[in-house]
Amino acid sequence: MSKFKKKKDGGVPAVNTAALPDIVFMLLFFFMVATVMRQNTLMIENNLPFADQVEKLDKKDLVMYIYAGKPSENYKQYGTEAKIQLNDKFADVKEIAAFIAAERASKREELIPFLTTALKVDKGANMGLISDIKQELRKVNALKINYTTKKGSVFGRD
Amino acid sequence: MAKRASPEVNAGSMADIAFLLLIFFLVTTTIETDSGINRKLPPMEESDVDVVIKQKNIFTVLLNGKDQLLVEDELMELKDLRQAAKEFLDNGGDRTCDYCSGKKDPASSDNPDKAIISLKNERETTYKTYIAVQNELVAAYNELRDSRAQSLYGKSFKEMEANYNDVNWPGNKEKLKEQIEQIKLDYPQKLSEVQ
């Protein structure tokens, strides 16, 4: 009988997975912190146009979103003409003023001059609607706007 | 006396729960920020004073309902617009602009400060084309500013702005801001839209 036992050969030792939950938790916390939940449910088609001279629109709390486009598949009863969507419902051009006022009221007073209106408009919409929106925005003195686009060349897309 | 060991909690399924949450947050995350073309609308008050602008200082861009482009009374393809706008802005017809590299054609714009691009569109114009035209016009300004910045400070305008917005940039921000303002002054973005 020897003091030194022969090692059993063969059989890969099981990998220790005790630290796996820790790693997963780390990832989990990262995504929890980085997540921004979608604010609005879109009821319109929102296929943004392309542009390459774009500037970033950070500070999400200082942005008011106005969506426009054709009603999407589930909302066909509202017709096929491009419509405006504010928050979660379709709106008329005249409601923009009230919407801007409500958004402004929800922000701190000193931030109001920095508010930007982001126009997220489907690329198939026509400019008549946009002109109306812009006119309304001018009336309520919300002059900073941003045409939200995807990043990419403007050529060769249809 | 035997020590009574507290029974160990089985944590084997903790990883599964964490994975479940992780996948939920992975799916709902939108990390990318929006980007787009920033514009400033003109204020509402109507000025009664008509500012007289020489016709040669205006670069008219018309977009009709069929998405065709009419630039300075000539049909033009979208791909030529950027170059045409650059030539117009950089013309320097009255020879006061010593950094302009244009043709100094007296029939075109006097200097970048006076040159105005006027964009008019119909109600039927599609948004996509409008954005493409806006993009090309902004690109013309940006390219001119870039080359001006390159010759003055040895870096592009985009780089300067990126540095200015970067919190960790080690250089002198005050000076950089002055330089940026200078370039903006050299090529002011005068893009007017006709209602």
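How many bridges join β2(B) to β5(B), and do these strands run parallel or antiparallel? Six bridges join them, and the two strands run parallel. The model is predicted: local features need pLDDT of at least 70, side-chain atom pairs count only at pLDDT 80 or more, and totals for chains, interfaces and linings use all residues. Residues are numbered from 1 along each chain as its sequence is written, while chains are lettered from A and ligands numbered from 1 in the order in which they are written.

The strands and helices named here are DSSP runs numbered from the N terminus, helices being H or I with at least four residues and strands E with at least two. Two strands count as paired if DSSP finds at least two bridges between them. Strands of a sheet pair through backbone hydrogen bonds, either parallel or antiparallel.

In chain B, five strands form an open sheet in the order β4-β3-β2-β5-β6, with mixed pairing. Its edge strands are β4 (74–76) and β6 (191–194) of chain B, each of which pairs on one side only. On average, neighbouring strands of this sheet are turned by 30° against each other, direction ignored; axes are lines fitted to C-alpha atoms, for helices over the stretch in contact, and angles run from 0 to 180 degrees between N-to-C directions.

Strand β2(B) also has an antiparallel partner, β3(B), to which three bridges join it. Within this pair, Val61(B) has Val71(B) as its bridge partner. The hairpin of β2(B) and β3(B) has five residues between the strands, and Asp67(B) there takes a positive phi near 65°. On the β5(B) side, Leu62(B) stands opposite Lys120(B). The residues of β2(B) divide between two faces: Phe59(B), Val61(B) and Leu63(B) lie on the covered face, whereas Ile58(B), Thr60(B) and Leu62(B) lie on the uncovered one.

Strand β3 (residues 69–71) of chain B is in turn joined to β4(B) by three bridges, and these strands run antiparallel.

Helix α2 (residues 78–89) of chain B lies across β2 (58–63), β3, β4 and β5 (116–121) of chain B, running at about 20° to β3(B). Helix α3 (residues 127–153) of chain B packs on the sheet and touches β2, β3, β5 and β6 of chain B, where contact requires C-beta atoms, placed from the backbone, within 7 Å. The direction of helix α3 makes about 160° with that of β2(B).

Definitions and conventions. Two residues are in contact if their C-beta atoms, placed from the backbone, lie within 7 Å. A residue is buried if 20 or more other C-beta atoms lie within 10 Å of its own, exposed if 12 or fewer, and partly exposed in between; C-beta atoms are placed from the backbone.
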